[in-house]
Amino acid sequence: MQKCLPNVRCGAVFINFTALLYPALMKKVLIIDDEVKLRELLARIIGLEGYEVLEAGDCKSGLKRLEQAEIDVVLCDVKLPDGNGVELAQQIKAKYPLLEVILLTAYGNIPDSVQAMKNGAFDYLTKGDDNNRIIPLLSRAMEKVELAKQVQHLQRQLGKRYAFESIVGKSKSLQAAIELAKKVAPTDTTVLLTGETGTGKEVFAQAIHHASKRAAKPFLAINCGAFSASLLESELFGYKAGAFTGANKDHKGLLEEAHHGTFFLDEIGEMPTELQVKLLRVLESGELLRVGDTKPIQVNVRIIAATNRDLAKEIEGGRFRSDLFYRLSVFQIHIPALRERLEDMDLLCNHFAKTFGLKMAKRIHSCTAQYVAALKQHSFPGNIRELKNIIERSTILEDGEILSVESLPLELQIRSEGPQSTEMSTFSLASAERIQIQKVLQHTQGNKTEAARLLQIALTTLYRKLEEYKIV
């Protein structure tokens, strides 16, 4: 008995099992041609390759077909009863940018070919002469459509990840900052984000970018305090070949790479004053000058800057230019510190518990009320970044499904007990002993042998007291 594989011909019959089992996965091709016999012949040939084929005889019916089904590729005749295929290609691409159009004509000429490509056509074929090219060309067009769809899907996923809705918290101070960011996002206005380290300024910058008309373009970022002055200049503005030792070829700077997109300057207060002048020129004229070059380059980039410093004081001390400050602070948004929105602690803890639980393949989904209460007593100088680190550590240590106080660092456990929160009075010898053991264990990073030596007790005694005081 003859056996057939998917997508192979058995005798004179072509069987596409994928198409039979999963019709929704078939790629769709629309043929727009007023010559019925030629259209039917093309439909039969293309259908044998596993594509679903739809037909139309003119521009009007072709556009109606496009509204009714999700077409991937259009094969369109240039001469149609009610219009021109070259112009129709432009109309189709404007409405369906992911779709590809291949034009067919019996009268191939160079001007029409050039105009077709300008109008967004994938390619241009002459009937009769290029019959052998149709299927390979259709396959390449399908590959391009599939890639475009994948890119679009990734962009949507990124949009969801960096959307304002992904910022966790319902406190009034945070929501006020979000509302301001939402209002400025659709514009090209320069934004200055202020707030302590770790409050999430880059998260806000990403959200502003993804809610703007520049969302499909690059979002690039740099920390101005992480580089020396010369290296920061090269990274931001680029350099010309021969500008310095090792500059063997021209190098685009990050500002140039972010053309039509958004550039985030973190810790702008750390930027050397000599570079502040160059940045001011970019903001005022849209021009930058590469290191070692004399010809300015035009760039279209939106600047979002962030700082944890008081720039007014930096200006008074001569460390920051006032003209740059006024240009950057057209629209200022203050991101509140974590201690200023403790009402968000419960939401944040549970959010990060789920996040790290999934990341570490654990079934952790939330935190106990005691866990959250303990964290609320901490000042969080490192803000959200510090909170994330604490919860990540807790997730590693936790064996259950809910983060408990016992998974917190010892100093937070001690602080969470309070003066009357346990059976032992804080004035009792046992309570003082328990606290001392926890402090020493914290100092030795959990090394019990070293802790016993420092406490000047036997290791067996230490283990007994650990069990007695329920110290993990």
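Visitor: Let's start with the largest pocket: what volume does it have?
Guide: Rolling a probe the size of a water molecule over the atoms shows where empty space is left. For the largest pocket in this predicted model, the volume comes to about 870 Å³.

Visitor: Which residues lie nearest the centre of that largest pocket?
Guide: The lining of the largest pocket is made up of 28 residues. By class, they split into ten nonpolar, nine polar and nine charged. Nearest the centre you'll find Gly200, Val203, Phe352, Ile384 and Lys388.

Visitor: And which element gives the largest share of the lining of the largest pocket?
Guide: Elements that put two or more residues into the lining of the largest pocket are helix H8 (201-210), helix H14 (345-359) and helix H16 (383-397). The largest share is six residues, and it comes from H14.

Visitor: How many of the ten residues of H8 are buried?
Guide: Among the buried residues of H8 are Lys201, Phe204 and His209. Their cover includes helix H7 (172-184) along with strands such as E10 (191-194) and E11 (219-223). H8 is mostly covered, and the buried count is seven.

Visitor: Over in H16, is serine 394 buried or exposed?
Guide: Serine 394 has its place in helix H16. Leaving out residues up to four places away in sequence, serine 394 touches Tyr371, Leu403, Ser407 and Leu408. Its relative accessibility is 0%, and the cut-off for buried is under 20%, so serine 394 counts as buried.

Visitor: On to the rings: what kind of aromatic pair do tyrosine 239 and phenylalanine 244 make?
Guide: The count of aromatic pairs comes to three. In the one formed by tyrosine 239 and phenylalanine 244, the ring centres are 4.8 Å apart and the planes sit at 65°. Planes over 60 degrees apart fall in one class, so this pair is edge-to-face.

Visitor: Last one: at what distance from the ring centre of phenylalanine 237 does lysine 278 lie?
Guide: Lysine 278 is placed over the face of the phenylalanine 237 ring. A charge needs to be within 6 Å of the ring centre to count. For lysine 278 the distance is 4.5 Å.

Definitions and conventions. Residues are numbered from 1 along each chain as its sequence is written. This is a predicted model: local features need pLDDT of at least 70, side-chain atom pairs count only at pLDDT 80 or more; totals for chains, interfaces and linings use all residues. Side-chain values use heavy atoms; hydrogens and water are left out. On a 1 Å grid over the protein atoms alone, a cavity is a set of points where a 1.4 Å probe fits but cannot get out, and a pocket is an open set with protein on both sides within 12 Å along at least five of seven lines; lining residues have an atom within 4 Å of a point. Grid points are joined across faces, edges and corners, and a volume is the space filled by probe spheres set on the points. Helices (H or I, at least four residues) and strands (E, at least two) are DSSP runs, numbered from the N terminus. Ala, Val, Leu, Ile, Met, Phe, Trp, Tyr, Cys and Pro count as nonpolar, Asp, Glu, Lys and Arg as charged, and the others, Gly among them, as polar. Buried means under 20% relative accessible area, exposed over 50%, partly exposed in between (1.4 Å probe, protein chains only). Contact means heavy atoms within 4.5 Å. Rings of Phe, Tyr and Trp (its six-membered ring) pair if their centres lie within 6.5 Å; planes under 30 degrees apart count as stacked, over 60 as edge-to-face and the rest as tilted. A charge sits over a ring if NZ of Lys or CZ of Arg is within 6 Å of the ring centre and within 35 degrees of the ring normal.
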